Each structure stands twice: as structure tokens, then as C-alpha cells.
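Have a look at the model first.

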Amino acid sequence: MAITMTKGQAGLTGNSAIAYAMKQINPDVSPAYPITPSTGIVEEFSSYVADGAVETELITVESEHSAMSACIGASAAGARVMTATSAQGLALMWEMLYVASGMRLPIVLTDVNRALSAPINIHCDHSDTMGARDAGWIQLYSETVQEAYDNLIQAVRIAENKNVLLPAMVCLDGFITSHAIENITLIDDAAVKEFVGEYRPVHSLLDTDNPVTMGAMTLQDSYIEFKRQQSEAMARARDVVIEVGREFGKKFGRAYGLFETYRLDDAEAAIVILNSAAGTTKVAVDELRKQGRKVGLLRPRLFRPFPFAEIAEALKNVKALAVLDRADSMSGFGGPVFNEVRSALYELEKRPRVISRIYGLGGRDYKVKDALAVFDDVLKIAATGKVDTLQKYITL
Amino acid sequence: MSSPAVTEKKQKVSVPFDYNKYLRPNKLPHIWCPGCGHGIVLKAMLRAIHDSGIEKDNICMVSGIGCSSRTPGYVDFNTLHTLHGRAIAFATGIKLAKPELKVIVVTGDGDALAIGGNHFIHVCRRNIDMTILVMTNATYGMTGGQYSPTTPMDSISTTSRYGNIEPPFDACGMAKAAGASFVARGTAYHTIELEKTILEAIEHKGTSVVDIIDACPTYFGRANKYKSASQMMETIEKDGTVSVKQADKLPPEKIEGKALRGVLHKIDRPEYCEQYSNLIVEKAKGK
């Protein structure tokens, strides 16, 4: 796969950019099983493997359950491991996702977000990765192709950090980001190689001088201690995400934090939203700002671990906000991001009013007019302090 | 105008088969590519079902994920479109809950033999009364042409750019070894024969498996330099197979490397649901 670059830039789809990042990272092992819309990643990556552009062992297995099982085996043996999947594929990996995080294996997975069945749907929403939010994986969400590419390179460093040692998933929107071509800036192969560094596992099954046991039976005597360590490692990941994002910015000119804010500083009304829909919302913010309305946006990048304190700090001066979820947690009380954000704000002395809106399930379009309608509601709440409808579906 | 009388004499009077009786016309056109054999298999299957005389409300058609698994969407039976690889597991539940239904699983080689391989062997072992139609096109068509467990060695696919090094499954051999009481093979090319084979499979009591060799011109065909869909069908389905009835009469060199068509295995063996029911009745009677 030859990528044509002009002045360091190339027009790539989200899938091509992820495949290219994987080529540059050059993992030792990549087990995979095809699923729309993430298939293109492994398809292009298999060409890199066939062309000898990477030294990766590509293992095409017979299901995603086997793909993640093979990832775990290879990672436990001391290899740097990457894979990609979507929706039902991630769902079929569920059992193994917990094993990967419980064994503290820094596997890096790209999930191209797609709706979960039933009914069957192949288009974008976040029900797949939101369902995996408690699986003990670090989750980074990406608005654009550029960010997906940058996130994947950073994810390797974050996952493999010795204070973390947890698997990480990078999420980008199915079709919207995975199949749309965007002009992005690529990093030199050598610079990526240097940035991710050589992988030296802390513990590995193939290190026969230092034998270890992984995933062994622990009952009432020690299981809870393992989980506490895992929980603490997850909490530490937040600082590592900040460090790695800052270093990435210094080296390559694109710095990343825990979340992105857009015209939020003096905003009275805000929308919190993940991934590509943030771009649409920014257009709405600009339109309203032109009319003198004080609106802004916050787009979480790191969702696991969830940066509770920082998000509360960023939103503390907002009078009202809407959290837009492209997934419903079916709890009867709004979407998953809504619940996390609302919980984060609880510690504030003066709390903004927060409403939940579920949008765009199964790839339904989310347009600027939808964002404007939400802002309309939020501005009313900001002015009156009264919430009429706490939660509802939009884009119906 | 004297010629029509002659033609009438020669022609067999036949009413065209009314496929619409079994289809959901508002769900058409189908998604299959030009040159794909799945539509031929669908029509053969509908004719076979018609000939079986089973009421369409007494049929439940189940599928997983893949090109072939789109079939239940187009047909007017009780239908269930499930998860990748799990059609047989769902079908097992349906059959046990409602043994009076005729359960037909429509699946592909990736769906039935890779991700769903476990369910495939265990349904055969239990000999549950259902018909499993495996459309074997040696490809994961829906996701862009990756190699599957039936892709011939050395073939090019999107995940085997320099040729496949994995030996393929023989679906029929596996079904027989696992215990299926009816095992047959057909092709989309031999349409009439396929129709008869599917009818026999539907009428069989027990697990009946029909491996249907079918071509994917879009991915497998292009990657492996077949000139056209029809040339691909002729090479793989016509020249690549031999009827089991002829095979005995042919010298070994004429059969080598070819897949056998027709009913390959048919035995009478206790059917699972019936045994299950008998056991309940027997135990309920008490001593």
C-alpha cells in the first residue's frame, strides 16, 4: 500500500490512517477477524504484512473471541499486540476483555464504533465501546482521522507505561470517520518508532529466567487485592495520558489533553459530546456565538479512566449543559456519558443543570440544526434555571 | 398462422413458478452482486420448499451473518436473522421449543465453519431435525474478501496476498464425522439437481447438511483471475465437481481433486427432539 504524501500530508480514511499507524508501530503480533466497518484496517495492514513492510505475525483467526484470546496469549508471552474490531466483534471479545485487563496486558485495540445488534445495524453509534466501559480498558475517543491516528500511537505508550500496564482501546466513528477521507499529517516512520520505543515487557511467559504465573485462581484470599491494584493502575493512567499527550505535542506539534474545550471559557450553556459529532456541534457553537449567545463545547477524549475532577472544573461556570450520548445505557436514566458527567459535577458547590439527550443511534444523522435545537433548550434552562425535560431522544 | 399449433404440441404446458408466493417483494432487490450464485440457490430452495408441501407458516428460517445470511430477509416464512456464527444455536432453541416447525438454517462457510464451527459439529452430533444449507463460496464476501475455512490452498484473498497456506475444511466430511444423518453437496450451477437435493434434505428426519458450492465473482473471482462470473461457475462448480452417481464409473484420475455432488451420506438414526420428548413421557408415567 503506497501512501502518497504532499508536504507531509496525505488524504486517508480513518481505517487507512489506523492501518498506517499500525505499520509504523510495527507490533509483534496482530490477531484479527473481519467485521464492518473496521475490516479495512486489517485488510490494509495485511498488505503491509504481505509486502514485508512490518515484522508482524498476522493471525487470521475464526472469531473475535479467538482474536482477543490470541492477543492475550501473545501479549502474555511478551509481544506487543494490536488488533481492531467493531460492534458484535467487540461484544464477542467481552469475556476476554476482562481477562486482558485483569492480567494487566497492554494490548492496543482500535474499535471503529458501530451499533450493537438487535436489530442488526452496521452504522455508527457508541453502544459497543460504552458496553465495554467497565472492562478495565483505557478508552480514548477520536473526533477526526488525525486524532485517531495520533491516539493510536499514544495508546501504545500509555498502555505500556510501567505505572499503568493496562489494555487500551482507541475509538473512532464507524463510516463517518473510518471511511471518510481527511487530509492528515503523518509522522515519520523513524519518529514513530522512537516515540513508541522498543517494547520490553515487565513480565513475560517467555522470560524463562524469571518464571511467572498469569491468570491463576485467586479466591477470597487475594482476588480483591488484584482488583484494587488494577483500579489504582487505572486511576494512574490519567496522569500518563496527560504526560504522553504533552510529549506528543512537543514532538509533533499536536498536543492532547484529557478533553477538548471549544469556546467554553465564558459559556453559560454547553454541550458535552464524544467523537465526530463534536465537529458538527462546533459549527453550531460558532453560529450562536455570532448571535452573541454564550455557548461552548466540551469533548471528552479520555473516557476510561474518567477525568471527574478536571471535567467538573472545566464546567463549573456553566449554568446549564446537555450531555449528548450516542448510546443508551438502558438504565432508564439517560446515556452513559451523561451519568458520568453529572456525577462528576456533584462535588461542585454550585452545580450546573444537566440534561441528557440520546442522538444518532445506528448511524442516524446528527446535524447542525439538531445541535442548535439542543442549545435552544440549554439556553432556556440557563436563563430560567428550570428543566422541563431531563432526558429524551433527539434526531428521531 | 399455422405454426402455433405445432409449437403447442412440442411444448410442455407449465405454469411459471410463482416465487412471489414465498418472497417479501418489498424487501427486494437483494444485496447480492451480479454473478453471485446466492440468488440461484434461493430460487432452488423455494422450489424445493414448494414441492415439499410444507405450509410456509410452519417453516422457520434462521441465519447468522454474511451474504448468504441475508436470505431470510427476503423470504416470507417465520424468519430470524441472528449473530455471526450463532444461527445453529438459535435454531436449536427454536426446534426444541417448537418441534413441529420445519427449521432451515441458511448460512455460509465463514458463518457455519469458522466462527460457528462449534455449533455446527454439535448439532450434527445430536442429530436435531433441521436442514442446514451452507453456501460455500470460499470467501468472507460481506467484509471484503478475506479467506475463509473453505478457501483452497494457494488462493489469493485480501488476507492472503501471496496465497492461502491453510488447508480447507471438507464441510461434508466434517458433518458426517460429527454425526449428521444426511449429508449432501450441490452447486448453484447444477440448479435442478440442487433443488432435488434440498428437497430430500428437507424431507429427511434428523440433521441434514447440504454444502452448496457457490462462486463469489466479486472477491474470490477477481483476486484469482477468473475471467467472468460464468467462467468461474463453470470452472469451480461444473468442472470442479462430479456427481456421486458417476464417480463409481469413472477412472480415479478423472475424479482426483474434484468434489463429489449429490447425497453422500444418509442413515436412519434417532432424532434428538423425539428422544427428548419420549424421555419426558416415559419419566412422567412413573413406575
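What follows covers the ground rules, the interface and a surface patch.

## Ground rules

This is a predicted model, so to speak of local features takes pLDDT of at least 70 and side-chain atom pairs count only at pLDDT 80 or more, while totals for chains, interfaces and linings use all residues. Residues are numbered from 1 along each chain as its sequence is written, chains are lettered from A and ligands numbered from 1 in the order in which they are written, and side-chain values use heavy atoms, with hydrogens and water left out.

## Where A meets B

Chain A puts 18 residues in contact with 20 of chain B (heavy atoms within 4.5 Å). About 1,300 Å² is buried between the two chains, with carbon and sulfur atoms giving 60%; that is accessible area (1.4 Å probe) lost on putting the two parts together, summed over both.

Helix 2 (39–50) and helix 4 (87–102) of chain A each supply at least two residues to the side touching chain B, and helix 2 gives the most, with 5 residues. Helices are DSSP runs of H or I, at least four residues, and strands are runs of E, at least two, numbered from the N terminus.

## A nonpolar patch

A:Met330, A:Leu361, A:Tyr393 and A:Leu396 make a nonpolar surface patch of about 460 Å². Patch members have over 30% relative accessible area and no salt bridge, with nonpolar side chains (Val, Leu, Ile, Met, Phe, Trp, Tyr) joined within 5 Å and like charges within 9 Å; areas come from the Shrake-Rupley method with a 1.4 Å probe, and for residues only the protein chains shown count as cover.

A:Tyr393 lies in strand 15 (residues 391–393) of chain A. A:Tyr393 is partly exposed, at 35% relative accessible area (buried is under 20%, exposed over 50%, partly exposed in between; 1.4 Å probe, protein chains only).

Notes:
A salt bridge is a side-chain nitrogen of Lys or Arg within 4 Å of a carboxyl oxygen of Asp or Glu.
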